[in-house]
Structures are given as structure tokens and as C-alpha cells.
Amino acid sequence: QLQASGGGLVQAGGSLRLSCAASGRTFSSYAMGWFRQPPGKEREFVASISSSGINTYYADSVKGRFTISRDNAKSTVSLQMNRLKPEDTAVYYCAASRRPSSLRDYYDYWGRGTQVTVSS
């Protein structure tokens, strides 16, 4: 089970940190990803991280602004979001996969989303 938290309302240029807590004892064997779904649009890839945390991947739209990280001892994955833009407004979801991927279909488990709203 995955539970995302940390969303909220922030002004453009501000920062937020999302967290996702996982239950179960196999967290460290899963790659983790963050996706988002803007209003009226499809769910899209944001970032992913390998099971070890060594490899990270980002969508071009967030590269240089967002940082994904994980703590396997605490079974958590985080998304630090800096220099937020109004177009970052979306519901953000964390997900678990057997390998890092930007494709939704590779993810086996999904958490409930957390809303991020960036005002201009």
C-alpha cells in the first residue's frame, strides 16, 4: 500500500516536498515513480528512481527543478519540487514497479494522489 502526502497550495516559484510511504517488507526491491495528472489531461510521468536509489530519471518538463529520492530503511520515496510553475498543478501519484520506467503500464501499485496547486 502506498500513501502520498505533502501536497498543497503554493505560489509560483515556491517549493513543496511530496512523500510517499509504503507498507510491506519488499519496498527496497521496487523501483518507484511519481506521476501527475493535470486537470482535464492524461496522467503523465514525472520522475522515477531505481530500487537502490542510484539511478534517477526525469521528465524534461521537471528536469533541474524536481528531485526524487528514497529511503529504503523508512520505506519512503520523496519528490522535492522547486521553482514551481502554474503548469505543475496536478494530482500527484506515487507508484511502484519492478523496474524504473516512464510508462504507466509498468507500475503495479499506485497510491492515492495528493493535490498540488501552483498559483500565478
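Two strands count as paired if DSSP finds at least two bridges between them, and strands (E, at least two residues) and helices (H or I, at least four residues) are DSSP runs numbered from the N terminus. In this predicted model, Leu-2 stands opposite Ala-22 in S3. Residues are numbered from 1 along each chain as its sequence is written, and side-chain values use heavy atoms, with hydrogens and water left out. Because the model is predicted, local features need pLDDT of at least 70 and side-chain atom pairs count only at pLDDT 80 or more, whereas totals for chains, interfaces and linings use all residues.

**Sheet**

- Strands of a sheet pair through backbone hydrogen bonds, either parallel or antiparallel.
- S1 and S3 run antiparallel and are joined by 4 bridges.

**Aromatic pairs**

- The structure holds 5 aromatic pairs (rings of Phe, Tyr and Trp, the last by its six-membered ring, pair if their centres lie within 6.5 Å; planes under 30 degrees apart count as stacked, over 60 as edge-to-face and the rest as tilted).
- One of these pairs is edge-to-face and joins Tyr-30 to Tyr-109, at 5.8 Å centre to centre with 75° between the planes.
- Tyr-30 lies in the loop between strand S3 (16-22) and strand S4 (31-37), and Tyr-109 in strand S10 (residues 107-110), so this pair ties together parts that are 79 residues apart in sequence.
- Tyr-30 is buried at a relative accessible area of 9%, while Tyr-109 is partly exposed at 46% (buried means under 20% relative accessible area, exposed over 50%, partly exposed in between, with a 1.4 Å probe and protein chains only).
- Tyr-107 and Trp-110 form a tilted pair, at 6.0 Å centre to centre and 55° between the planes.
- Tyr-107 is buried at 5% relative accessibility, and Trp-110 is partly exposed at 29%.
- Ring pairs also link Tyr-107 and Trp-110 with Phe-35 and Phe-45 into a cluster.

**Charges over rings**

- Arg-98 lies over the face of Tyr-30, at 4.3 Å from the ring centre (the criterion is NZ of Lys or CZ of Arg within 6 Å of the ring centre and within 35 degrees of the ring normal).
- Arg-70 lies over the face of Phe-27, at 4.5 Å from the ring centre.
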